[in-house]
Amino acid sequence: MASSKTLNLRTPIVIASGPGGFGEYLKVESIDWSYVGAYTLKTITLNPKAGNKPPRIYASDSFMINRIGLENPGFEGFKKMIESGELDILLSHVPAILSLGGDSFEEYVEITKLMRPYLDNFLAIEYNFSCPNVHHGGLSIMSDRDEWRRLLKEIRKETDAFIIAKLGIESGFIENMARIVALESWDGVTVINTIRGLMVNSDGQVLLGGLSGPALYPIALRAVFEVRKALPDMYIIASGGIYTPEQVSEMLRFGANAVSIGSALFQNEGVINKLDRELVKNTNK
Ligand SMILES: Cc1cc2nc3c(=O)[nH]c(=O)nc-3n(C[C@H](O)[C@H](O)[C@H](O)COP(=O)(O)O)c2cc1C
């Protein structure tokens, strides 16, 4: 059974893990944070990751491909960021969701334990089980369904935090994955992550990366619809190609509790304020 816990966000707009990093890519002071319900930090793994060599991002009007490769400072680097106060400005403006990843079963469990002293800073933990840009962990951790379920059970045992599984669509029907998440008493799901894509850029370079942006929207909407149909009580964060207030409303209508904004930030970070302002106007919430 999914837990009956919920996240009480001041608005349903969430910043997606990755595009905003740890706040360093955004003009933190120029955003009206009252329009943002939560900020998901970039995924942290146990050991630091340098990420992939450039080119890392390709953007067109209809999609983006990124092959960042989960670049992050690892647990020790993150601990320093928290202890030195580097995240204080961001955390003083907006409630944050921690995003964790791993290269193996053991790493996911270990980082869960290590993060315990820091959890007071965060509303929830989102576990990234769906990054297509790494060779271990990420998507591949879900390819052995029994092992993945055992991991969900183990993580649930290790923490009382509000835990959210971020699921992609490449390891089976997403509603079946979400049912497993609910059976292991997790509190929510984020659907979807990027999908593996390939494109050749104007220099003839082949980019294998995660597809995001407008092209993802109908796929993400269908995922939200299917998960909501299967699990009426599950907390759902929608992610994928959300750029307009109409899309935000539609995602909420088809069952999302909150919507996350990722690639749209590359166009214009002011998009966040606009999305919620329009939403308020249209729904009188
Ligand atoms: C440049 C970039 C970096 C990303 N990094 C992460 C990450 O560290 N962790 C994660 O869970 N998702 C990551 N994502 C996926 C986004 O959080 C989001 O789920 C996905 O891009 C789909 O939403 P969008 O179309 O609004 O971008 C990243 C996406 C992009 C474009």
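Which residues of strand β12 point one way, which point the other way, and are they buried or exposed? Let me take that as my way into this structure, with the reminder that what we have on the screen is a predicted model.

In strand β12, which covers residues 258-261, A258 and S260 point one way while V259 and I261 point the other way, and all of them are buried. In a regular strand the side chains alternate between the two faces of the sheet. As for its partners, β12 is joined to strand β1, residues 13-15, by three bridges, and the two run parallel, with I15 having I261 as its bridge partner. Three bridges also join β12 to strand β11, residues 235-239, again in the parallel sense, and here A238 has V259 as its bridge partner.

In soluble globular proteins, nonpolar side chains tend to be buried together. If we pick out I236 and leave aside its neighbours within four places in sequence, its contacts are G188, V189, V191, V224, V227, R228, G255, A256 and N257.

Now to the ligand, which has 27 residues around it, with A16, G18, S212, G262 and S263 coming nearest. The shell is made up of 10 nonpolar, 15 polar and two charged residues.

Next, please look at the open sheet of four strands, which has the order β3-β4-β10-β9 and antiparallel pairing. Because β3 (57-59) and β9 (195-200) stand at the edges with a single partner strand each, one side of each is left without a neighbour in the sheet. On average, and ignoring direction, neighbouring strands of this sheet are turned by 35° against each other. The partner of β9 is β10, residues 206-212, and the two pair in the antiparallel sense over six bridges, with G197 standing opposite G209 in β10. S212, one of the residues that come nearest to the ligand, falls within the residue range of β10.

Finally, a word on D144, which is placed in the loop between β6 (122-128) and α4 (145-158). With 13 other C-beta atoms within 10 Å, D144 is partly exposed, since that class lies between the 12 or fewer of an exposed residue and the 20 or more of a buried one. D144 and S171 are 27 residues apart in sequence, and their C-alpha atoms are 9.3 Å apart in space.

Key. Residues are numbered from 1 along each chain as its sequence is written. This is a predicted model: local features need pLDDT of at least 70, side-chain atom pairs count only at pLDDT 80 or more; totals for chains, interfaces and linings use all residues. Two residues are in contact if their C-beta atoms, placed from the backbone, lie within 7 Å. A residue is near a molecule or strand if its C-beta atom, placed from the backbone, lies within 6 Å of it. Ala, Val, Leu, Ile, Met, Phe, Trp, Tyr, Cys and Pro count as nonpolar, Asp, Glu, Lys and Arg as charged, and the others, Gly among them, as polar. Two strands pair if DSSP finds at least two bridges between them. Axes are lines fitted to C-alpha atoms, for helices over the stretch in contact, and angles run from 0 to 180 degrees between N-to-C directions.
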